[in-house]
Amino acid sequence: MTKNNTNNLTSRIVIGMTLGILVGFMLKLLMPEGSDFVVPLYFFDFSFRSFFVDGIFEIGGQIFIASLKMLVVPLVFVSLVCGTCSLNDTAKLGRIGGKAIGLYLITTALAITLAMSMALLISPGEGVNMTTETNFASKEAPSLAQVIIQMFPSNPFTAFAQGNMLQVIVFALLFGIATALSGKAGERIASLFVDLNEVIMRLVTILMNLAPYGVFCLLAKLFTDISLATISNLIVYFMVVLGVLLIHALVTYPVLLKLLTGLNPISFLRKMRSTAIFAFSTASSNATIPITLETNTKKLGADNSIASFTVPLGATINMDGTAIMQGVATVFIAQVFNVDLTISDFLMVILTATLASIGTAGVPGVGLIMLAMVLNQVGLPVEGIALIIGVDRLLDMTRTAVNVTGDSMVTMVVAKTEGQLNEEMFNDKNAGQNIEEIDFHKMREDS
């Protein structure tokens, strides 16, 4: 472990974020409205957009995201099998699953109720008076029945190849249960998966040392291309969604944590800081799974048998941030198009958005697709989604940070109620604060 605070992962990611935003804004000043800045040289014309924005930043950011996605399926599968193997009592597994799913659905329902209440109070769409002349070609959102059916894989290898996380989770749970019940053969398989988990976590550590550079590239490109005019036109909507996200993360989660466990919410939020920052940078709950697992087990003290179950499950079905966006966006679009929603409509939005969160993949931008299903349920024009696309990327980043915070809060509650929480580690402000630095020269000498 490093003793130098300047090498702390949180500090380095924050530096990467800050530099990325500054560089992005500087390039935007040089290249307004998607234009280019060209410097004539002796042999050729040097294009800032081609070299930096579409070159270095695009390549660096996409390689980093691809590397994170590369880890997701093997990490989730191996960690879930390890966690399930250690739960020899299948009744305990069912109890943990029931607690986790119940808490995820409750927090999602609270999130969208809060979002719609704030939107009705502030009325961000009043006075716009638009008609449905715009054309937004939305993808068809899956029905709830389809979501439930598609949870069960007909071919687990296809689920692995396609990154279908619900199917991977179901197969991993079944495989882990079968392993736990297979006697000596199961013990040998379980030992192999424990070793595989160690190797994958070392791979995670190596990748995390490159995170600040990936974050820099992602944000530099984003803030070069983002439309400031679009943000200014939707500033009220943006601030309502952002405000509700912050209230949910900084009030709802801490209050639930305190009421259900008695743990110190300040310690929880402090230790979640680096994970939330990373989630904000990637806008992907799935890509953040390795960091969330590390935080829950190494900083917050949850046993791996609990965290390896609740964290991947939460990244798949717990979409409080997405539900908040859907709640505010529904009211906003209804006000923009002068559509009056009834009490039954509001209840339908709460129910639909809560259940739809189960089928919302933890990847950037998918919340807009699920919003189409919510709007259809209450007869609102899907074309209204076009109004919020311009600012959704920034909000997507923020709601991802909220989602992973919720995943960890539920993990703490489940671990505490199951007697699988190391409270000494939870209360130790220095526990796991420094991510191990990889000394590649020493690794070569040791080998």
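# Reading a Predicted Fold

Modeller: Start with Lys-416. Its relative accessibility is 27%, so Lys-416 counts as partly exposed. Partly exposed means between two cut-offs: buried is under 20% relative accessible area and exposed is over 50%, with a 1.4 Å probe and protein chains only.

Biologist: What kind of model is this?

Modeller: The model is predicted: local features need pLDDT of at least 70, side-chain atom pairs count only at pLDDT 80 or more, and totals for chains, interfaces and linings use all residues. Residues are numbered from 1 along each chain as its sequence is written, and side-chain values use heavy atoms, with hydrogens and water left out.

Biologist: How many helices and strands are in the protein?

Modeller: Helices are DSSP runs of H or I with at least four residues; strands are runs of E with at least two; both are numbered from the N terminus. Here there are 20 helices and two strands.

Biologist: What share of the residues is buried?

Modeller: Of the 447 residues, 52% are buried. The accessible surface is about 19900 Å², and 64% of that belongs to carbon and sulfur atoms. Such areas come from the Shrake-Rupley method with a 1.4 Å probe; for residues, only the protein chains shown count as cover.

Biologist: Back to Lys-416. Which residue forms a salt bridge with Lys-416?

Modeller: First, the idea. Side chains of opposite charge can pair when their charged atoms come close. The test is a side-chain nitrogen of Lys or Arg within 4 Å of a carboxyl oxygen of Asp or Glu. Lys-416 pairs with Glu-423, and their closest N and O atoms are 2.4 Å apart. Glu-423 is partly exposed, at 31% relative accessibility.

Biologist: How many salt bridges does a search of the whole structure find?

Modeller: The search finds five. Take Lys-221 and Asp-54, which meet at 3.7 Å, N to O. This pair links distant parts of the chain: Lys-221 is in helix α8 (residues 211-225), Asp-54 is in helix α2, and they are 167 residues apart. Asp-54 is partly exposed, at 40%. Asp-54, Glu-58 and Lys-221 are linked in a network of salt bridges.

Biologist: How many Å separate N and O in the salt bridge of Arg-95 and Glu-418?

Modeller: The value is 2.9 Å. This pair also links distant parts of the chain, 323 residues apart. Arg-95 is in helix α3 (residues 90-122), while Glu-418 is in the loop between α18 (385-417) and α19 (423-427). Arg-95 is partly exposed at 40%. Glu-418 is buried at 12%.

Biologist: Is Leu-71 buried or exposed?

Modeller: Leu-71 is buried, at 3% relative accessibility. Leu-71 sits in helix α2 (residues 48-85). Contact means heavy atoms within 4.5 Å. Setting aside residues up to four places away in sequence, Leu-71 touches Leu-203, Val-204 and Leu-207. The C-alpha atoms of Leu-71 and Asn-286 are separated by 9.6 Å, though the two residues are 215 apart along the chain.

Biologist: How far does helix α15 reach from its first C-alpha to its last?

Modeller: The expected span is 1.5 Å times one less than the number of residues. Helix α15 (residues 320-336) has 17 residues and reaches 24 Å, close to the 24 Å expected. All 17 of its 17 residues are buried, so α15 is largely enclosed by the rest of the structure. After α15 comes Asn-338, with a positive phi near 55°.

Biologist: Last, the surface. Which residues form a nonpolar patch?

Modeller: Patches take residues with over 30% relative accessible area and no salt bridge: like charges are joined within 9 Å, and nonpolar side chains (Val, Leu, Ile, Met, Phe, Trp, Tyr) within 5 Å. Here Leu-246, Ile-247, Leu-250, Val-251, Val-255, Leu-259 and Leu-260 form one, with about 620 Å² of accessible area together. Leu-246 lies in helix α10 (residues 235-261). Leu-246 is partly exposed, at 42%.
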